[in-house]
Each structure stands twice: as C-alpha cells, then as structure tokens.
Amino acid sequence: VNSSLNLTSQATADVSSDGRLLRADEAIMRLHQQAGGVEGGIFAVPSLAAIARSTHQIKMRLARAVRVASDNNNIELWVESELLGDIATLSVSGWRAVDANPPQDKIDRDKQNDKGNNDGELLFDRNFRLVSAAGDVANFIDTKSIGAPAGDIFDTDRGNANILLSFMEKQELARVDGVFFKGHNTAYTILADVKSNAEGVFTGYLCELHSYDASATQDQNNLVSPEPLFGQQLAPVLRQPLGRIIANAETIGSKLQGPIRDSYATYAKDIANAARHLVALVDDLGDLEAIERPDFSTAKDNIELGDLSRRVAGLLALKAADHRITILIPPEELIVSAKAEFRRVLQILINLVTNAIRYSPVGTEVSISIDTKGELAKIAVSDEGAGIDPDNQQKIFEKFERLGRSGDGGSGLGLYISRRLARAMGGELEVANSKQGGAIFTLTLPTK
Amino acid sequence: MDRDLEDLPSTNESLLAVAARYARDAQAQCVDVSEFAFPSGLRMPSEEMISSVATKLRAIIQGIEKALLEVPLDTGNSDPNSWALLTKSGFLKEPALIDFVLARYAEERLAVRILAKSERSVTEQLPAMMLSHGEATLADTAQAILASESLSRHSTKSLYRELSPELLHLLVWRVVAALQIISGVKNPHHISEAKKLLAEHDESQSARVAARKLVHFLPEEYLSDATDPEKAGLPVFVASMAAQTGLEYDHILRLIDGHSSTPLAAILKICSLSHDQAMAVICLFKGFDLTPYEVNIFEENYDSLEIEQLEAEARSWADERIKFLTFPDMNRAVNT
C-alpha cells in the first residue's frame, strides 16, 4: 500500500449484492489485486468483503475497524459502509500499519505463494474437481485434467491415495504419505489444506506436494514423541468437528432458520449440549494427561481452607438445592491455613462435595469441616449417605472405577484425579465411614 | 452391524431421538468429568444482576415498540406488548442478547467505580480534550462519545440504539412478527417503521463504536492516556484494550467485571502496561473484591508473563466467544 496513505486518507469502493467490486479508489483496488482479485471480480479482501456482505444482508449502516494484509505489512483500517440503492458503498480511512500477527488471509496467501519448498500444488474446488496445477506436478498433469474429479487424478489402486480421498470427502485437513498419480511412478507426500471463504464456508482444497521419502517416514515413526499425544495433538483435531456439531445443532434448536417441531428442537439442543460437554471432556482429558506426566507439579500458594469451603458451598449451592441438601460450612472465625495450589484444592473440594450431593438422600446435610493437626491442615467432607463398603475404600480411587454403578453420569475419574492432585501437593486424600454410616473424605495438606 | 432391526430408527424423528439419547449419555459423562475435575469458576448471578438483565431487556423491547407503534396496543399490563410472546419463543434467551445486556450491566458497574475513585471530572477526560482537536474526525468522534454517554446518564437514550446492527435487525423483525401475531393482521405501518428505524440506525453513534474509532485515529502522544481509565473514561479505555488485544468491546467489559482479576491482568499485560500501572487499574476496578490470593498471583507473575502466550490465550477466548454467540448468517463481519 502506498506509503503516502495516512490516517486521514480516505478511499471508497462500491460492492454489488453478489460480492463484486464494481469500483474502487486506487488504494482499495491495490489491496484487492494483492489479494488475488481482478477488476470487476469478487471482492478479494475478506474483511472488507464481509462488511459489504453484511451491509447488503441487513441494509444498515456499519462502522468497524478491520485488519487487512497488504504485500508489505498489515494494516488496520476504519471502515464505514452503507447501502445506496443496490450497492454497498465502503468508505475506508485511518490507514494504520500494525505489527501484530498477520491476519489469517495473509497467512493463507503466503502459504499459497510459497512454492519454493514443495514440488508443486494442486487446487481443488468444493466438488473436488481440479482447478489448477503448479510446480513440477504440472509436468505430468496437463491442462486437459483441469476440471477432472480428484478420483480421476490420484491412482487409487496404488499407495495411499484412497486415504487422501476419504479425508477430502470429510473435509478434514490431511497429511498422507505415499500417494501416486495415475500414469506416474513417483510417490508423493501430500498436505491437503482445507480452504474456506470469509464466512468459513468450505470452498475446496489446496494440496501441497512433497517428494515422498519412505525411509525418513519410517525413522520418524520410530521416534517417541515427547509431546503429549492427546492434549497437544489429538485435542485440537477433535475440537474442530465438535465445534461444527455445536454450531449446526444450535442453529436447528434455536429455530432461527424456520419453525420445526418442538421435539426436534429439544433433540437438537441435547445434541448441542452433549457436543459442548464433549469439548469440555476433550480439554479435561488433555489435563488428565498432563497430571500423569512425570514432570507435573503444582504451585505452593498460601491458602485458607475456610475461605475455600465457603467458595465451594457457594458454587454448588444451586446443585445442592436441587437435591434439597444443605451444605454446612465451618464458622468464619475458624482459620486453617495451608500451603497448596488454590485452584487444585478448589477442584478437589468441588469433586468431593458434588459426589456427596449426588449420593446423599434428599433432604440431608453435607458438612465441610476444617482442622489443623501438627504440620498438617485437614479439610473433610462428610455426608449422610450409605457410606462406602470398607472393601471398596481403596478401589474408588482407581482410574475409571465406578463400583458397578452406571447411568448416574459418573466416569470414575474424579476421585482418581483428586488423589493424584492431593499427593502432588504433598498431601493425601482418604475415605472412611462415620459412626452414623455416611462417608467422610479427608484431604490433608501441608501447612508449610 | 449386529443390531436388531427394531433398534434401527425408521423416521427422521426417531433418528433424532436416538441421536439425542446417545448424546445425553455422553453428556452425563462429560458433565461429571468437567465439573468434578476442572471447575470453571462460574460467577453465580446475583439477584441484582438478574433483575438488571430483565429490566434492560424490557427497556430494549419497549424502545423498539415505541419506535414502531403509533398507538401502543392495550395488553392490560405494564410489559411491552410483544414481551410475553418473545419470552415464550425463547428469543430473549439468545446468548448474544443476554451477553449484550450483561455487558451493559458490567458497563454501569465499572463506570460507577471510576466515578467513585477518580478525582477527574468528565471534562478532564480524553474525549472532552479531543473536542477542540484540530482534526475533525477526532473532534466529531469525541462529540459522539460524549453525547452517547450523556444521553445514557440521563436515561434519555433508548438502550436498543447501542445494539449491534446485526442484533438490532434480528430483534426488530421479531418484534414486528410478534406484534403481527398479537393483532392478527399484517400491519404495513409496523413494517415501514421497522425499515425506517433500521435504515436510520447509525452504529458509529454508539459509545462503543465511537470510542473504538477515537482510539483508531488517536495521535500517538495520547495513546498512553487511553490505557488509563481515569484519564480516558470507560469507553475509550475499553476500546483501547479491544484494539490492542483483538477482543470485542463487550467481551472486555465482561472480563473486567468477572469474579477474577486474572483476565484483566492478562489484558493489561498484552497492552504492555507496567506492573504499577496494571495494579492501579486492577485496584480501580476490583477495589475491595481483590483477594490476597489474587494479589499474590499478580505480584509473583505479572512481570514474567509472556505477551505472546497471553495473546494466544486471548485469541482462544475470542474464538470460544464467537462460537457461543454467533447467530446463523449474522455477526460474520469481524469487529473489535
């Protein structure tokens, strides 16, 4: 972008209802062309095009700061738009260079333009038909193949082309080794990058081709990854499809796209809720993995167990009220200090009190008491339930142990995690039965 | 594939029912793990908050109806005419609408905190200073902020005028539809008034957007003032944080007003505020709510926080929020 542009420079552009840039002042036209747009073509600067689209959609005036990428830097712009007749007129001012992370459209374009490190690129449209071929691969995929379906280009009888195609059908990012092309004997590693427009709608695939080195792949597979498998590798992959499920189910459930039967809406909301909790589970299992790593450690905060008890009682008050259970907390004047990580102790206590609420008869009391004994601080959660059979009092701290229960929403992870956390903080978590029969879970923590 | 044939759903409805049943089983396990093991530290809504949300929602609907109706319909109670129908339809529970109202609730609370603590009057704050600036954009934008704030202070501004265009568009047409159902006839007057209301709505005149514009055009010598809530005033301070973090204006309001001071500390660090400046801001907004625990965390960690990591964290907050709040086919344009 011309360096003479400054905060006060103003440029305008007209965009039609089908997204075409009808007219633009030089500065905007240059951004459009740098983003791959052509004169009279679809407006290629995603954030500006999105504002034009919204203006057409809701026929209202908009005013927003947006970031766009130029060839030299990132620019933040002030954009005001309004609909004049059937044309969205954008008024762009406040050209301010920013040095923050490049916007996604710039990253995508850089990737697309970076042809030095690969052996070619293939671009497929949303129907998996070849749009273009560039680099070495263009030597054996001739122009006659443009428009051909992906299945006619990859050799599905050899190598792993089938795997790549199945990824593409599901619209997932893919890295597949050992892919062959029809009529060609060289194997490639292919990185298939999902392309989408500014609205996140799938538009096709950009496949990067690299020479496939089978021995290198073998060596790589033999290495033990030092990275946590779930938390850092699988979790991000799982979050994306779950996010789509949530968004789609919410759309159906909210009836915003038209009336549907109430039962359908309820089902859709159930699906959205379940997916939302699956996302939470994915995150939590990542944390569980972290806890089990040998280098896991906790902070040593100065905490006060009475304060924690009151916070937990507050957090779970509604849940307890649902079961008509009263949570008794220690008197405010009783101060018991400990040295442990605040967040983790809170986590353990919430687990214990939630368990107590779940397994106690309706209308009973759950009591939290605190105490100091020598160099140990104690916090106990007792209930008026059936207690825990002495034979099972160790078993319940094992991973996925449910004591034969099912259908109550438990997963058998809560107490396992809690004990691991207690021990990581130099403490212990134990269970016993009270004389009246209820269970008493006692968490001990160091005071120094 | 050894399921009994009778297990297989035969209609769309039963297919959805089966999916929902499985989903509920999965949900139960997830609730268990997430609630037991990893507390999310939700802020329990207070009576005051709930009451404020209800009042504000009524005010929004009332404002829209006032603009649409020549003569108010007689429904026999003090609620807006379309209130009962909109409530029943569930639209008033839409996350984006509730979030907007909660942000306004947070805005009021935070503004009061600045007023209670600051010795500066409004005329000594940045927007007032910009009124006499030679650059017309700055002067006009400052005027818009002050006008919007003044109208809000004197309760003469309809709250719906602060809604984003996308949300206002949805809400207005739903009110029109509700009025149509109540009266039993299609009223062309409502439709033309709705179109007029939407066409006249100018996002740039809301305090939120005007403040963001002021920050965008602010000369460099004033940028540090924009990160001081007492000097900047609440809208400009929040807009400045929004510009630097990429978070939305309302999101920042809600994070500042949240139960923990940690997100605010992260935001201030991203904006490169020094330890002392950040502590002053936190004390201003959190005051007596600040626990010794939070102070300890801040003291031990603030200086060593990595801005890049915090920026990545802030991006994940923004992503989560977008997922939670996005309307289908709306709210796509990115704005901060």
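Residues are numbered from 1 along each chain as its sequence is written, while chains are lettered from A and ligands numbered from 1 in the order in which they are written. Because the model is predicted, local features need pLDDT of at least 70 and side-chain atom pairs count only at pLDDT 80 or more, whereas totals for chains, interfaces and linings use all residues; side-chain values use heavy atoms, with hydrogens and water left out.

**Confidence**

The predictor gives the complex an ipTM of 0.78 and a pTM of 0.53. For single residues there is pLDDT, the predictor's confidence on a scale from 0 to 100. Chain B averages 78, and 78% of its residues score at least 70. Where pLDDT is low, the predicted coordinates should not be read in detail.

Chain A has 12 helices and 18 strands. These are DSSP runs numbered from the N terminus: H or I over at least four residues for helices, E over at least two for strands. Of the 448 residues in chain A, 46% are buried, where buried means under 20% relative accessible area, exposed over 50%, and partly exposed in between (1.4 Å probe, protein chains only). Among contacts in chain A with a separation of 6 or more, 54% join residues 24 or more positions apart.

One open sheet in chain A has five strands in the order β2-β1-β5-β4-β3, with antiparallel pairing. Two strands count as paired if DSSP finds at least two bridges between them. The edges are β2 (21-24) and β3 (62-69) of chain A, each pairing on one side only. Neighbouring strands of this sheet are turned by 30 degrees against each other on average, direction ignored. Such angles run from 0 to 180 degrees between N-to-C directions, using lines fitted to C-alpha atoms, for helices over the stretch in contact. Strands β4 (residues 74-84) and β5 (residues 87-98) of chain A are joined by 10 bridges, and L83(A) stands opposite A88(A) in β5(A). Helix α2 (residues 46-58) of chain A lies across β1 (11-15), β3, β4 and β5, at about 155 degrees to β3(A).

Seven bridges pair β16 (residues 376-382) with β18 (residues 439-446) of chain A in the antiparallel sense; in β18(A), P446(A) is the bridge partner of L376(A).

**Salt bridges**

A salt bridge here is a side-chain nitrogen of Lys or Arg within 4 Å of a carboxyl oxygen of Asp or Glu. Over all chains the count comes to 23.

| Pair | N to O distance |
|---|---|
| R58(B) and D79(B) | 2.7 Å |
| R254(B) and D99(B) | 2.7 Å |
| E107(B) and R104(B) | 2.7 Å |

R254(B) lies in helix α13 (residues 249-256) and D99(B) in helix α4 (residues 95-117) of chain B, so their pair ties together parts that are 155 residues apart in sequence. R254(B) is partly exposed at 33% relative accessible area, whereas D99(B) is buried at 7%. E107(B) and R104(B) are three residues apart in helix α4 of chain B, about one helical turn, and both are buried. R58(B) is partly exposed at 29%, as is D79(B) at 24%. R64(A), E166(B), E203(B) and R208(B) are linked in a network of salt bridges.

How values were computed:
Contact means heavy atoms within 4.5 Å.
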